[in-house]
Every structure is written in C-alpha cells, then in structure tokens.
Amino acid sequence: MATTFAALIFRPAEIPDRALSQGFAVALGGWDVASPRLFVAPLPGVPGFSAAYYASGDPASAGGDELDHLAELFEDELSPPVAVLDAAAELGHPGATIFALVYSDEMVHDDGWRFEASGYLRHFVREGEEGLEAGVETPDRSDVVELDVDLPDGATEAQEREATDRAIRPHRGSTFLSTELGAPVLGALVGGLFAPERRVDVRLVEPGPASIAAEVSRLNRVLRREDGRGAPASVPPVRGVAAPAAYEAFARAYDWADPADPEDLYRELAIGAVEGTLRFLREDELRHHEREPGWGAAAARRLYPIARLSGSALGGGAAQRAIVALGEGGEQLWIVRGGASAAPAGPTFGELLRYLSLGWSRRSDAEEDLIGALMLRARLRASGG
C-alpha cells in the first residue's frame with residue numbers, strides 16, 4: 001500500500017494549534033478544498049518536535065490526485081508553512097522555525113523544506129518528465145539536475161531498486177531533514193501518521209463567544225472605540241428565536257455609542273454576499289422584527305437578525321437592502337431578503353468581524369494574506385463552492 005503525506009515538523013512551544021489552524025486556512029483560502037483534515041502527533045525519536053499532517057479530505061475537489069495537490073500547495077508562494085509562520089508571529093512567536101516534508105513512495109517524491117522568517121531551504125528528489133531529478137532551492141536560486149542510476153548489465157529488479165536508492169538517498173528531502181534535526185525523520189513521520197494525538201480544525205477565525213468577544217475588542221481598538229459602551233442590558237429574542245451565545249458576546253463587547261461616529265456605518269464592504277453598507281441592528285430595531293410580517297419564514301429557520309445591509313454609496317439602492325442574520329449555532333451568516341429568501345452570506349460571523357477590523361487598519365504582509373483568504377473563502381461559500 002502506497003504511503004503519501006504532507007507534514008509540518010515544529011516545536012509545540014513555538015507553534016500553537018491556533019497558528020496551525022489559521023495558517024492552513026489562509027494557505028487554502030483560494031483552493032476549492034471543502035473538508036481539509038489536519039491532525040497532530042508527537043514524533044517518536046525526534047525529541048521536542050511534533051508533526052501536523054494535512055490531507056485535502058477530498059482528492060477530487062483538490063484536483064483529482066492527492067499528491068499533485070500536496071506538491072502544488074506546498075510549492076505555492078503562500079504555502080502552509082509560510083502562513084503558519086505568519087500566524088505564529090502574530091500570536092507572539094516571531095522566531096519560530098518550521099520543517100516540512102511532502103512524501104510519496106507510490107512514485108519517487110521526497111521534498112523537504114526548512115522555513116524561517118529569513119527565508120527557506122529546500123532539498124528534493126522526484127520523478128520529472130525526463131526521469132529522476134534532484135534539486136536544491138532557496139529564495140535566490142534553484143538548482144535542478146537529472147540523476148543517473150548506474151545499473152549493471154542484466155540487473156535484477158532488486159538490484160535496480162538498490163541502485164536507484166543509492167542514487168537518490170543523498171538528495172532526499174527526508175535525508176536533509178534528518179541532518180537538520182539530528183535524528184531519522186522519515187520513519188518517525190510514518191509512525192506518527194498512524195498515531196494521531198488530536199485533530200485541529202482548519203479555520204480562518206475561531207467560532208464561539210470567547211472568540212467573538214476577542215474579535216469585537218480587536219475591531220474596537222482599530223476604530224479607537226471602547227468595549228461595551230452603550231451595550232444593552234439584555235438581548236431580546238426575535239419571533240421566539242433566542243440570540244445565539246456568540247451574538248450575546250458581541251452585544252456585550254461592541255461599542256454602540258461612539259460619539260465620533262453616531263451613524264456607525266461600514267461602507268463599501270465586499271466579502272462574499274455581504275456587499276454595500278452594513279449597520280448592526282440596535283435593540284429597538286431587533287424588537288421591530290417581532291412585528292415585521294415578513295420575518296416569520298426566517299424565524300422558522302431559527303435565524304436571528306444582526307445587521308442591515310443597504311446599497312453601496314457608489315450605486316445601488318433599496319433593491320439591494322437585506323438583513324444579515326446569524327444561524328442557530330452562532331457561526332454561519334445568512335442574507336435574508338423580504339424575510340423569506342435566505343442564502344449563505346459567505347463569511348462566518350467571526351470572519352466578518354476580522355474583515356471589518358482589517359479593512360480599517362494598516363495591514364502587514366501577513367494580514368494582507370489573511371484578508372485575501374477571508375474574501376476568497378467567503379466568495380467560494382457564497383457561490384456554493
């Protein structure tokens with residue numbers, strides 16, 4: 001049975017699970033991968049290191065072949081290791097080092113990397129169009145050579161395998177990583193592949209009340225607002241639908257009474273189907289939905305209204321008006337028109353809040369990558385991708 005995998009190798013003290021989750025989500029932002037899998041296992045024989053193993057979960061959606069997908073993803077300019085390093089730096093670990101291996105024994109493919117903030121070093125051997133090839137790559141250069149396998153006349157299949165292994169062994173990515181880490185890496189990675197310790201969900205922004213409160217505080221800081229100013233004492237149900245816990249956390253943390261911006265409008269938004277001008281609903285507007293005749297169908301779907309969406313200041317008008325509603329679990333957002341027609345908005349609640357904070361701040365390169373991933377992923381969801 002063939003073994004094919006892609007793994008990051010890292011020190012857990014430098015790379016928290018949140019950096020893995022966000023980093024892979026950013027790297028996958030433009031890929032049509034609906035159900036990525038990521039799990040972590042300690043590396044036996046490599047003290048102090050763990051491995052995070054990635055799989056698309058659906059090779060057909062990733063392009064039809066898992067190895068092709070893994071190779072293309074890890075060769076991308078915004079690869080998972082690069083995005084994870086960015087996320088780790090954002091979380092307070094700027095000096096981390098990550099190693100990566102994309103490996104398959106179905107065909108010769110052994111591609112090892114070392115990533116740091118200053119750049120990367122890559123050693124690989126693979127089957128190219130003209131036969132076996134090996135290479136060394138840095139940000140400044142790329143050297144690729146064809147490998148000759150010295151075979152005696154009349155070599156048996158076993159002798160051919162031995163000669164091929166001798167030719168490629170010094171060039172293998174796993175050989176490079178073993179030297180870097182001072183321990184045999186390939187066997188440890190294969191062992192960890194079959195002994196997962198925990199799964200890590202791939203998310204751009206975490207769901208749940210605590211995460212939503214943190215995102216609101218981030219937005220308040222960007223806008224120079226105060227947490228919880230003018231917050232309602234309680235959040236009313238709407239047509240028998242109680243506010244999700246995530247929205248209650250939002251309402252407690254949001255600044256509802258900024259004297260410098262009484263209109264509280266977010267203009268020119270463009271993330272998924274959330275396009276135009278957005279204003280979060282006040283308590284009296286929420287109570288109005290108790291009496292709005294058209295909201296019955298949305299209430300039957302257990303949707304809770306949170307914001308009003310109107311046309312862009314550059315065009316569009318009443319025909320574009322809609323309500324942004326939150327699903328029962330407090331994560332998925334919906335666009336509701338006329339109280340009856342509901343369609344996925346694209347971003348989750350937390351992603352929308354992160355998009356708002358990034359949109360009103362100067363962005364680092366890592367944050368540019370993140371907002372790009374937010375928008376791409378939202379567009380895919382809104383279009384049913």
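Predicted model: local features only at pLDDT ≥ 70, side-chain atom pairs only at ≥ 80, totals over all residues.
Reader: Which residue forms a salt bridge with Glu206?

Author: In general, side chains of opposite charge can pair when their charged atoms come close. The term salt bridge requires a side-chain nitrogen of Lys or Arg within 4 Å of a carboxyl oxygen of Asp or Glu. Here Glu206 pairs with Arg18, and the closest N and O atoms are 3.0 Å apart. Arg18 belongs to helix 1 (residues 17–27), whereas Glu206 sits in the loop between strand 9 and helix 7 (209–222), so the pair ties together parts that are 188 residues apart in sequence. Helices (H or I, at least four residues) and strands (E, at least two) are DSSP runs, numbered from the N terminus.

Reader: How many salt bridges does a search of the whole structure find?

Author: The search finds 33. Another of them joins Glu14 to Arg11, with 3.9 Å between the closest N and O atoms. Arg11 is partly exposed, because its relative accessible area is 35%.

Reader: Where do Arg218 and Glu90 lie, and what does their pair tie together?

Author: The side chains of Arg218 and Glu90 meet in a salt bridge of 4.0 Å, N to O. Arg218 is part of helix 7 and Glu90 is part of helix 3 (residues 80–90), so this pair ties together parts that are 128 residues apart in sequence. Both residues are partly exposed: Arg218 has a relative accessible area of 24%, and Glu90 has 36%. Salt bridges may also share partners, as in one network that joins Arg225, Glu226, Arg229, Asp255, Asp258, Asp261, Asp264 and Arg282.

Reader: Is Asp264 buried or exposed?

Author: Asp264 is buried, because its relative accessible area is 2%. Asp264 occupies the loop between helix 8 and strand 10 (266–271). Its phi angle also deserves attention: the value is near 55°, which is positive in a residue other than glycine. Arg239 likewise has a positive phi near 55° and is not glycine. Arg239 is placed in the loop between helix 7 and helix 8 (245–253), and it is partly exposed at 29% relative accessibility.

Reader: In what order do the 9 strands of the open sheet stand?

Author: To read a sheet, one finds the paired strands; two strands pair if DSSP finds at least two bridges between them. In this open sheet, 9 strands follow the order 8-7-6-5-4-1-3-2-9, with antiparallel pairing. Strand 8 (142–146) and strand 9 stand at the edges with a single partner strand each, so one side of each is left without a neighbour in the sheet.

Reader: Over how many bridges do strand 2 and strand 3 pair?

Author: Strand 2 (residues 37–42) and strand 3 pair over 6 bridges in the antiparallel sense. Within this pairing, Val40 has Ala52 of strand 3 as its bridge partner. Strand 2 also pairs with strand 9 (residues 198–199), again antiparallel, over 2 bridges; there, Phe39 has Arg199 as its bridge partner. Leu38, also found in strand 2, is buried, with a relative accessible area of 1%. Elsewhere in the sheet, strand 4 (residues 98–104) and strand 5 (residues 109–116) pair antiparallel over 7 bridges, and Leu101 has Gly112 of strand 5 as its bridge partner.

Reader: How many residues of strand 12 are buried?

Author: Strand 12 (residues 304–310) is mostly covered, since 5 of its 7 residues are buried. Strand 12 runs antiparallel to strand 11 (residues 274–280), to which 4 bridges join it; Arg279 has Arg308 of strand 12 as its bridge partner. A further 5 bridges join strand 12 to strand 13 (residues 322–326), also antiparallel, and there Leu309 stands opposite Ala322.

Technical notes
Residues numbered from 1 in each chain as written. Heavy atoms only, no water. Buried < 20%, exposed > 50% of the residue type's maximum accessible area, 1.4 Å probe, protein only.
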